Amino acid sequence: MKYVDEFRDGDKARAIAGQIRQEADPARTYNLMEFCGGHTHAIFRYGIPGLLPPNVKLIHGPGCPVCVLPIGRLDMAVELARRPDVILCTYGDMLRVPGSGRVSLMKVRAEGTDVRMLYSPADAITIAQQNPDKQVVFFAIGFETTTPPTALVLEQAKKLNLTNFSVFCNHVLTPAAMHAILNTPEADSGALMLDGFIGPAHVSTVIGSAPYEPFPEQYGKPVVIAGFEPLDVLQAILMLIRQLNEGRCEVENEFTRAVTREGNAKAKALVERVFERRESFEWRGLGAIPHSALCIAPAYAAFDAEKRFGLEQLHGRENKACECPSILRGVKNPRDCSLFGDPCTPDNPLGSCMVSSEGACAAYYSYGRFSDSRIAVEEVNV
Amino acid sequence: MCLAIPVRIEALIDDERALADIGGLRKEINTALVENLKVGDYVILHVGYALNKLDPEEAARTLALFEELGQLQAARDAALEEGELSMEGKA
Ligand code: SF4
């Protein structure tokens with residue numbers, strides 16, 4: 001596939017890794033966080049930790065939409081699905097996430113409710129048109145990548161005057177979460193070791209690189225936006241090492257083939273029109289973050305499931321032994337969880353980080369066992 | 001969830017829809033978020049929607065950079081080999 005294969009070339013990967021080993025200063029450690037779950041997945045799938053010298057460490061960030069959705073919001077979707085007049089539609093991963101008391105949407109579906117998996121949010125409109133006597137609710141989650149399609153669907157529902165369609169909106173914002181990571185108690189106490197960010201790929205195609213500019217300015221953390229292929233990730237790591245070595249601190253863009261400073265103006269204008277910022281939104285692991293999520297704007301209020309069904313905010317019960325919250329803050333590793341691998345596996349997920357392929361636990365479980373044991377051995381030696 | 005792939009535009013249907021080549025199959029995608037689309041352009045496709053066009057010149061520039069690093073590595077490998085050979089000569 002063009003624009004994919006040439007960015008996965010094994011010889012080039014070894015060459016960039018060779019350059020990283022040349023330039024990384026053995027006298028210091030480089031703690032780099034990949035914000036985005038898509039990067040976490042690529043890093044493990046292509047064995048990138050195994051190519052890096054031991055003093056270049058990757059920390060997995062909270063950029064997995066399935067992982068950061070608080071259990072209370074999922075419980076609200078479960079309540080919606082249990083209403084006899086509702087067809088609840090959502091992306092596949094959301095079906096498997098355990099809510100309070102380990103009740104997932106999949107379980108609710110087995111009770112005989114109508115829960116459907118979507119490939120594209122446009123399908124939810126079709127389902128609404130085909131089922132005029134039912135209320136069709138699209139349970140929307142995702143970062144800035146997934147928000148513009150939801151906005152288009154809302155516009156279309158308005159154009160079609162659909163009276164049986166609404167959106168349960170859970171869209172969240174990347175830069176707000178990056179601020180939150182740099183303001184946790186662990187960050188303040190110095191327990192969070194973080195020298196720079198590998199910035200998101202597809203989120204940045206929409207929002208552009210400008211929204212990352214506060215991170216070098218306010219926190220002294222460089223950001224390099226990277227594509228999702230292995231050569232992109234390695235190159236971004238090299239660019240971060242160079243910035244840190246040279247004492248530079250700025251936003252750089254490795255993914256220039258798809259990301260500009262401004263991003264996609266049309267998509268941004270659409271999102272502005274259809275959504276508003278929430279005062280505050282709860283994130284799994286990070287707690288309530290101000291202005292970190294979107295709700296549906298008044299002009300589209302007729303399509304807001306929270307209003308249509310008078311939904312009340314639920315708080316949910318976390319599985320206490322699950323370490324997802326600390327993993328999402330970048331201060332623990334899936335290995336630190338006593339449930340990892342037994343009994344928590346991708347087939348039997350006990351926490352959200354084991355559900356989505358972008359979750360850190362799922363990535364470790366599927367690909368990370370070898371490279372992780374290498375990391376563990378090195379840490380023992382230190 | 002954030003999975004998105006580059007696909008080639010094969011035919012334009014109207015302002016908001018096009019046919020794209022997805023793994024050898026022609027499928028309809030929504031292109032309402034992207035302006036000035038032409039047949040032959042590559043777009044990043046996410047949940048049925050084109051998010052952005054890919055810039056072929058920028059892609060070529062990034063690949064040229066990797067090419068350079070590849071040559072550097074080849075030079076390093078050669079130097080290493082030479083070093084090993086001369087060590088053997090001494091032994
Ligand atoms: S292994 Fe399972 S239970 Fe443990 S932190 Fe990960 S998702 Fe949670």
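The model is a predicted one, in which local features need pLDDT of at least 70, side-chain atom pairs count only at pLDDT 80 or more, and totals for chains, interfaces and linings use all residues. Residues are numbered from 1 along each chain as its sequence is written, while chains are lettered from A and ligands numbered from 1 in the order in which they are written.

The C-alpha trace of chain B spans about 75 × 25 × 20 Å along its principal axes. An automatic or database assignment divides chain B into domain 1 (5–54) and domain 2 (55–91). The centres of these two domains, taken over C-alpha atoms, are separated by 38 Å. In sequence order, chain B reads β-β-β-β-β-α, where helices (H or I, at least four residues) and strands (E, at least two) are DSSP runs, numbered from the N terminus.

I turn now to the interface. Chain A places 42 residues in contact with 29 residues of chain B, contact meaning C-beta atoms, placed from the backbone, within 7 Å. On the chain A side, α1(A) provides the largest share, seven residues. That side comprises 20 nonpolar, 13 polar and nine charged residues. Here Ala, Val, Leu, Ile, Met, Phe, Trp, Tyr, Cys and Pro count as nonpolar, Asp, Glu, Lys and Arg as charged, and the others, Gly among them, as polar.

Definitions and conventions: Two residues are in contact if their C-beta atoms, placed from the backbone, lie within 7 Å.
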